[in-house]
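Subject: Handover of the two-chain model

Hello,

I am passing this structure on to you. Please open it first, then read my notes below.

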Amino acid sequence: MSRSGRWAGLLPGAAGTGHDGDDGSEPDPRFTFANERTFLAWSRTALALVVAGLGIVQLLPPFPGVPVGRHLLGVPLIVLGAVLAVVAYSEWVRNQRALRHGDPLPKSVMPWILAATIAGMAVISAVILLISAVR
Amino acid sequence: MTPAPPPPPEPGRPSGGSQPGPDPEERDPGLARERTSLAWTRTAIAFAALGGVVLKANVVTGLIILAIAPLVWQLGRVPARGGSPGASLAAVSAARLRLITVSIVAVSLLSLLVAVLGRSVPGALR
């Protein structure tokens, strides 16, 4: 699982055109559809993160004593949304390739990314709330 | 009272193969197609929701994102018209999934600009 291998599918024409250089056999259409739904579900997760980040920055009242608090919470969420969308596409390409070759599906890193981010945001939220409560 | 004999193993189910079985989906892969098209609809709604939130901060940007939603919805209808799940299925998917990825990245960049530069409504949820 080298870095170049993970991102190779993002290059236009490199893969994902259905006949990505290495031939396999066309998988069961249901598997292709399921892979696509998984990608779409992660896309909605990414969009929800962007909505959450924007809502924090735009709609919350400012934290007393922490003027940049809302941006500290919102901007990473929005950036993570963009990252998640790109990773979701690269994993769709990898899964599709594995399906064509009948290989076991590669492990997904996205649950790890999401869990780490949510934990990190929880820590930042707690720190900001504590600081604004003390002041 | 003798215990009932165990039910016969369902043919085709455990192997997960593509031979027809009692599972309605194995007789009609159209269900997978329909579930996928519903997933596209949900994604389009998610775009519209984001557009609604942005609308509160910046009207023009919000309208742009809202306009993406029907396009995504249309994108999800392509395979229903295309018909045959042939060799082109994954190719069609790759093209439109790449399009979705690009739109989400673009939309999050727009949101970032609105979030950082835009005037926030102070205490809109107060």
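Over which residues of chain A does pLDDT stay under 50, and how many contacts beyond four places in sequence does the model have for them? One such stretch is residues 11-21 of chain A, and the model has 19 contacts for it beyond four places in sequence. Please keep in mind that this is a predicted model. Where pLDDT is low, the predicted coordinates should not be read in detail.

**Confidence**

Chain A averages a pLDDT of 84. In chain A, 83% of the residues score at least 70. Residues 1-6 of chain A also have a pLDDT below 50, with two contacts beyond near neighbours in sequence.

Chain B averages a pLDDT of 76, and 63% of its residues score at least 70. Residues 8-18 of chain B fall below 50 in pLDDT. That stretch of chain B has 12 contacts in the model beyond near neighbours in sequence. Among the elements of chain B, helix 3 (residues 59-76) has the highest mean pLDDT, 91. Helix 4 (residues 78-82) of chain B has the lowest, 54.

For the complex, the predictor gives an ipTM of 0.78 and a pTM of 0.77.

**Chain A**

Chain A has four helices and zero strands. Buried residues make up 36% of its 135 residues. Take the contacts in chain A with a separation of 6 or more: 71% of them are between residues 24 or more positions apart.

Look at helix 3 of chain A, residues 69-101. Helix 3 of chain A has 33 residues and reaches 49 Å from its first C-alpha to its last. That is close to the 48 Å expected at 1.5 Å a residue. Just after this helix, A:Gly102 takes a positive phi of about 70 degrees.

Then go to A:Ile118, in helix 4 (residues 110-134) of chain A. A:Ile118 counts as partly exposed because it has 13 C-beta neighbours inside 10 Å. The residues A:Ile118 and A:Leu77 are 41 residues apart along the chain, yet their C-alpha atoms are separated by 9.0 Å.

**Chain B**

Chain B has five helices and zero strands. Of its 126 residues, 29% are buried. Residues 24 or more positions apart account for 49% of the chain B contacts with a separation of 6 or more.

Two residues are worth a look here. B:Leu75 sits in helix 3 of chain B. Is B:Leu75 buried or exposed? B:Leu75 is buried, because 20 other C-beta atoms lie within 10 Å, and 20 or more is the cut-off for buried. Leaving aside neighbours within four places in sequence, B:Leu75 is in contact with B:Trp40, B:Arg96 and B:Leu99. Its C-alpha atom is separated by 9.4 Å from that of B:Ala44, 31 residues away along the chain.

B:Lys56 is in helix 2 of chain B. B:Lys56 is partly exposed because it has 17 other C-beta atoms within 10 Å. The C-alpha atoms of B:Lys56 and B:Val105 are separated by 20 Å; the two are 49 residues apart along the chain.

**Where the chains meet**

In the model, 47 residues of chain B are in contact with 42 residues of chain A. On the chain B side, helix 2 (30-57) and helix 5 (88-117) are the elements that give two or more residues. Helix 5 of chain B gives the largest share, 20 residues. By class, this side of chain B has 31 nonpolar, 10 polar and six charged residues.

**The nonpolar core**

In soluble globular proteins, nonpolar side chains tend to be buried together. Here, the largest nonpolar core has 48 residues. Those with the most contacts inside it are A:Ala46, A:Val50, A:Leu54, A:Ala88 and B:Leu50. From chain A, helix 2 (29-59) and helix 3 each give two or more residues to this core. Helix 3 of chain A gives the most, with 12 residues.

Not counting residues up to four places away in sequence, A:Val50 touches A:Ile78 and A:Gly81 in chain A. From chain B, A:Val50 touches B:Leu50, B:Val107, B:Ser108 and B:Ser111.

Best wishes

Definitions and conventions. Residues numbered from 1 in each chain as written. Chains lettered and ligands numbered in written order. Predicted model: local features only at pLDDT ≥ 70, side-chain atom pairs only at ≥ 80, totals over all residues. Expected span 1.5 Å × (residues − 1). Buried ≥ 20, exposed ≤ 12 C-beta atoms within 10 Å, placed from the backbone. Contact = placed C-beta atoms within 7 Å. pLDDT = per-residue confidence, 0-100. Nonpolar A, V, L, I, M, F, W, Y, C, P; charged D, E, K, R; others polar. Core = buried A, V, L, I, M, F, W, Y, C linked by C-beta atoms within 7 Å.
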